[in-house]
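Trainee: Please take a close look at one part of this structure for me, and then connect that part with its surroundings.

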Amino acid sequence: ESLDWFKWFGLGSVAAGLPPIAVKAYRTLKRCQFDANCMMVTAALGAVALGEYDEAASVAFLFAVSEYLEARATLKARKALGAIVQLRPDHANVVHPISKEIIVVPADRVPVGSLISVRTGDKIAADGVVVE
């Protein structure tokens, strides 16, 4: 009983950590779906109802940490993808099939089956097969 005050700490942790998760769970339930957010809210509220305040605090804390780590990983992935997209060249050096002269064409306008000239240091503008 000397640690009775500890339950208030657990309830405070749940009160601080659960609302963002509860909002996501509510949105999910409005779409008639069930996901991890719904499970975590159910687990935390069930633990509080059973008087297991430390368990409820643990669930809320660990899920908040996992949400933070997931958001951080997603941000890193988006930045990496953005960097990859920036590597895409703006133009391609297409070799004219008859005159064999090089024509500069926007990279998104390269016809399928075209021969592309790639010089040292150039970025490759399209998928293909190396012929020479």
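Mentor: Let us begin with Asp-122, whose side chain makes a polar contact with the side chain of Asn-93 at 3.5 Å. A polar contact is a pair of N or O atoms within 3.5 Å; within protein, one must be able to donate a hydrogen and the other to accept it, and residues adjacent in sequence count only if both atoms are side-chain atoms. The model is a predicted one, in which local features need pLDDT of at least 70 and side-chain atom pairs count only at pLDDT 80 or more, while totals for chains, interfaces and linings use all residues. Residues are numbered from 1 along each chain as its sequence is written, and side-chain values use heavy atoms, with hydrogens and water left out.

Asp-122 lies in the segment after β3. Strands (E, at least two residues) and helices (H or I, at least four) are DSSP runs, numbered from the N terminus. With a relative accessible area of 32%, Asp-122 is partly exposed; buried means under 20%, exposed over 50%, and partly exposed in between, with a 1.4 Å probe and protein chains only. Leaving aside neighbours within four places in sequence, Asp-122 is in contact with Asn-93 and Ser-117, where contact means heavy atoms within 4.5 Å. By comparison, Asp-122 and Pro-97 are 25 residues apart in sequence and 21 Å apart in space, C-alpha to C-alpha.

Strand β1 (residues 91-95) runs antiparallel to strand β2 (residues 102-106), and five bridges join them; two strands pair if DSSP finds at least two bridges between them. Val-94 has Ile-103 as its bridge partner in β2, and Val-95 stands opposite Ile-102. The two strands form a hairpin with six residues between them, and in the turn Lys-100 has a positive phi of about 60°. The open sheet has three strands in the order β2-β1-β3, with antiparallel pairing. Because β2 and β3 (115-117) each have a single partner strand, they stand at the edges, and one side of each is left without a neighbour in the sheet. Neighbouring strands are turned by 50° against each other on average, direction ignored.

Elsewhere lies helix α2 (residues 36-49), whose 14 residues should span 20 Å at 1.5 Å a residue, in agreement with the 20 Å between its end C-alpha atoms; the expected span is 1.5 Å times one less than the number of residues. Asp-35 caps the N-terminal end of α2, with a side-chain oxygen 3.1 Å from the backbone nitrogen of Asn-37. Asn-37 is buried, with a relative accessible area of 10%, and among the residues it touches are Ile-21, Phe-63 and Glu-67. Also buried in α2 are Cys-38, Val-41, Ala-44 and Ala-47; α1 (6-30) and α3 (53-86) are among what covers the buried residues of this helix. Just after α2, Gly-51 takes a positive phi of about 80°.

Cys-38 counts as buried at 2% relative accessibility, whereas Cys-32 is exposed at 74%.

Key
Axes fitted to C-alpha atoms, helices over the stretch in contact; angles between N-to-C directions.
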